[in-house]
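The following note sets out numbered points on the model shown below. Please read each point alongside the sequence and the coordinates.

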Amino acid sequence: MFYWEPIGVDMKIGDLIQVGFCGIVEDDGIRRSCGCFLCEDDSNRIGLVIKRSGRSGRWLVLFDVGDGWVNDDTLFTVCS
């Protein structure tokens with residue numbers, strides 16, 4: 001069973017993660033893009049952690065639509 005937790009909790013380089021949906025959910029239940037590259041490119045939001053940015057709490061993750069930085073306060077689940 002997967003559950004969402006803040007990024008950075010026991011996460012390490014090489015982990016496979018899934019980032020939570022960050023778009024806008026309308027009252028009618030339709031999901032709208034927030035404008036980020038994950039929403040705009042209809043990503044599956046699964047990525048491989050490839051680097052940590054020093055002590056800043058940012059992680060470089062390789063997604064199906066390219067790489068991007070995520071912060072420690074981003075919601076995710078570890079798949080690996």
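**Notes on the predicted model**

1. Strand 5 and strand 6 (residues 58-63) form an antiparallel pair over five bridges. Strands here are DSSP runs of E with at least two residues, helices are runs of H or I with at least four residues, and both are numbered from the N terminus; two strands pair if DSSP finds at least two bridges between them. Across this pair, Gly 47 lies opposite Phe 63 in strand 6. The hairpin of strand 5 and strand 6 has five residues between the strands, and in it Gly 54 adopts a positive phi near 50 degrees.

2. The model is predicted: local features need pLDDT of at least 70, side-chain atom pairs count only at pLDDT 80 or more, and totals for chains, interfaces and linings use all residues. Residues are numbered from 1 along each chain as its sequence is written, and side-chain values use heavy atoms, with hydrogens and water left out.

3. Strand 6 also pairs with strand 7 (residues 66-71), in the antiparallel sense and through six bridges. Val 61 stands opposite Gly 68 in strand 7. The hairpin formed by strand 6 and strand 7 has two residues between them.

4. For the chain as a whole, the model contains one helix and eight strands, in the sequence order β-β-β-β-α-β-β-β-β. Of the contacts (heavy atoms within 4.5 Å) with a separation of 6 or more, 54% are between residues 24 or more positions apart.

5. The accessible surface of the protein chain is about 5200 Å², and carbon and sulfur atoms hold 51% of that surface. Areas come from the Shrake-Rupley method with a 1.4 Å probe; for residues, only the protein chains shown count as cover. Buried residues make up 30% of the 80 residues in the chain, where buried means under 20% relative accessible area, exposed over 50%, and partly exposed in between (1.4 Å probe, protein chains only).

6. Which residues form the nonpolar patch on the surface? They are Leu 16, Ile 46, Leu 48, Ile 50 and Leu 62, with about 360 Å² of accessible area together. Patches are made of residues with over 30% relative accessible area and no salt bridge; like charges are joined within 9 Å, and nonpolar side chains (Val, Leu, Ile, Met, Phe, Trp, Tyr) within 5 Å. Strand 5 (residues 46-52) supplies the largest share of the patch, three residues. In a regular strand, side chains alternate between the two faces of the sheet. Ile 50 belongs to strand 5 and counts as partly exposed because its relative accessibility is 36%.

7. Met 11 sits in the loop between strand 1 (5-6) and strand 2 (16-19). Its relative accessible area is 7%, so Met 11 is classed as buried. The C-alpha atoms of Met 11 and Val 49 are 8.5 Å apart, although these residues are 38 residues apart along the chain.

8. The side chains of Lys 12 and Asp 15 form a salt bridge at 3.2 Å, N to O. Asp 15 counts as buried because its relative accessibility is 5%.

9. Cys 36 is partly exposed, at 24% relative accessible area, whereas Cys 39 is buried, at 12%.

Terms used: Salt bridge = Lys/Arg side-chain N within 4 Å of Asp/Glu carboxyl O.
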